[in-house]
Amino acid sequence: MEGGEAIGPPLGVRAGALEWARRNPAWVAVGVLALVSVILIITDGLQPFAQRSVNGLVAGSYFALGAIGLTLVYGILKLVNFAHGDTLTLGAYIGLFFNVPLGLPIFIAILLAIALVGLFGVATEKVMWRPMRRKRAGMLQLLLMALGLAFVLRNAIQFVAGTQPRSLDVDVTSTYSFLGLTIGRTELYVVITGFVVLSAVAWMLRSTRLGREMRALADNFDLAETTGIDTGRVVYITWFLAAGLAGLAGVLVVASSGSLNPNTGFFLLLPIFAAVVLGGIGNAFGALAGGIVIGLAQEWSTLVFAPEWKVAVSFVVLIIVLIVRPQGIFGRERTL
């Protein structure tokens, strides 16, 4: 160093880089994922990394389904629904009931689970949430009601179905192999179903009248009502979609993991919340991306840590995002 000249890029360059990073958080996230990928490939090899990525896409598909339902409700009603995980469990048990004791094909069981859990979501809106909004209940009251509903659901499921692990009548042993990688046949169906449904929801939000109405309510509920939008109808549809997607996610989780118990949804709630926060609370498209990223991060972590620690990755991601960018990667004024 000569004449006290500082080593490193000029201050203006560094300030410009920080400003670019602030304005383009999605590209920063892509860069971080790419860097982590390169490091893991170098240290552990391409094949183990690719296999974990396949597993991560399976998990990410149902994380994203759960996350988009959670963020739809928050985006429109500003309600943090802590009962969402147990709604997912309810959908899994409904699918199990139609698939195993009644012997219906899994496809039919999934459709019935989506419909019935969606109707359950509508019922909670009519019985619980709408009356509380009319009474102008505060965030604390709504939060306590959501927690109470979660406990009621979990214990009701445990009372009716018992605590023993259950499984669906699906093939969990057959696998497909390609390029040295393997994926279970049922897991492949889970990924395809998840991404088809997620694509359909994204198209609906972006390109249909209902999607535009939902985005309008998310931007300004009262203003949307004055413009002639039937807000009651949109809210009911939102609850049906959110709960139905949770029910679908529940059945897909059990189909891919092979095991179900009354706490299944409770243990999935943290990764789902992490996906919501990562993508931007209330941002439906961010929830899609966040779910996939959380799924990949959890599976990649098994290359470094024991598999039982991968759930802790959700905590780490949640904390880092809240510290660095609390509004999430896609957090903006627009909430859907």
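Modeller: Happy to! One term before we start: a cavity is a set of grid points where a 1.4 Å probe fits but cannot get out, and its lining residues have an atom within 4 Å of a point. Please also keep in mind that this is a predicted model.

Colleague: Got it. Why roll a probe at all?

Modeller: Because rolling a probe the size of a water molecule over the atoms shows where empty space is left.

Colleague: Which residues line the largest cavity?

Modeller: Its lining is made of Asn81, Ala83, His84, Thr87, Phe120, Gly121, Thr124, Trp129, Leu149, Trp239, Ala242 and Ala243. Two or more of these residues come from each of H4, helix H5 (106-134) and H10.

Colleague: And which helix gives the most?

Modeller: H5 does, with 4 residues. By class, the lining of this largest cavity has 7 nonpolar and 5 polar residues, with no charged ones.

Colleague: What lines the second largest cavity?

Modeller: Leu77, Leu79, Trp129, Arg133 and Leu142 line the second largest cavity. That lining has 4 nonpolar residues and 1 charged residue, and no polar ones.

Colleague: What does the side chain of Thr87 have beside a polar atom?

Modeller: A polar atom of the Thr87 side chain lies 2.9 Å from the backbone oxygen of Ala83. Leaving aside neighbours within four places in sequence, Thr87 is in contact with Val117, Phe120, Leu153, Ala243 and Ala246.

Colleague: What about H4 as a whole, how enclosed is it?

Modeller: 15 of the 16 residues of H4 are buried, so the helix is largely enclosed by the rest of the structure. The length of H4 works out as well: at 1.5 Å a residue it should span 22 Å, and its end C-alpha atoms are 23 Å apart, which agrees.

Colleague: And H10, how far does it reach?

Modeller: H10 has 27 residues and reaches 38 Å from its first C-alpha to its last, close to the 39 Å expected. In H10, 21 of the 27 residues are buried, so this helix too is largely enclosed by the rest of the structure. Just after H10 comes Gly258, with a positive phi of about 85°.

Colleague: New topic: pockets. How much space lies in the largest pocket?

Modeller: About 810 Å³ lies in the largest pocket. The lining has 25 residues, and Val32, Leu278, Val317, Ile320 and Val321 lie nearest the centre of this pocket. Helix H1 (11-23), helix H2 (25-44), helix H12 (284-301) and helix H13 (310-324) each give two or more residues to that lining.

Colleague: Which one gives the most there?

Modeller: H2, with 7 residues. The lining of the largest pocket divides into 21 nonpolar, 2 polar and 2 charged residues.

Colleague: And what about the second largest pocket?

Modeller: About 530 Å³ of space lies in the second largest pocket. This pocket is lined by 22 residues, with Tyr62, Val253, Ser257, Leu268 and Lys310 nearest its centre. H11 supplies the largest share of the lining, 6 residues. By class, the lining of the second largest pocket has 11 nonpolar, 8 polar and 3 charged residues.

Colleague: Last one: where is Arg154, and what does it touch?

Modeller: Arg154 is in helix H6, residues 139-161. At 11% relative accessibility, Arg154 counts as buried. The side chains of Arg154 and Asp86 are joined by a polar contact of 2.9 Å. Not counting residues up to four places away in sequence, Arg154 touches Asp86, Pro262, Asn263 and Phe266.

Colleague: Thanks, that helps!

Methods: Residues are numbered from 1 along each chain as its sequence is written. This is a predicted model: local features need pLDDT of at least 70, side-chain atom pairs count only at pLDDT 80 or more; totals for chains, interfaces and linings use all residues. Side-chain values use heavy atoms; hydrogens and water are left out. On a 1 Å grid over the protein atoms alone, a cavity is a set of points where a 1.4 Å probe fits but cannot get out, and a pocket is an open set with protein on both sides within 12 Å along at least five of seven lines; lining residues have an atom within 4 Å of a point. Grid points are joined across faces, edges and corners, and a volume is the space filled by probe spheres set on the points. Ala, Val, Leu, Ile, Met, Phe, Trp, Tyr, Cys and Pro count as nonpolar, Asp, Glu, Lys and Arg as charged, and the others, Gly among them, as polar. A polar contact is a pair of N or O atoms within 3.5 Å; within protein, one must be able to donate a hydrogen and the other to accept it, and residues adjacent in sequence count only if both atoms are side-chain atoms. Contact means heavy atoms within 4.5 Å. The expected span of a helix is 1.5 Å times one less than its number of residues. Buried means under 20% relative accessible area, exposed over 50%, partly exposed in between (1.4 Å probe, protein chains only).
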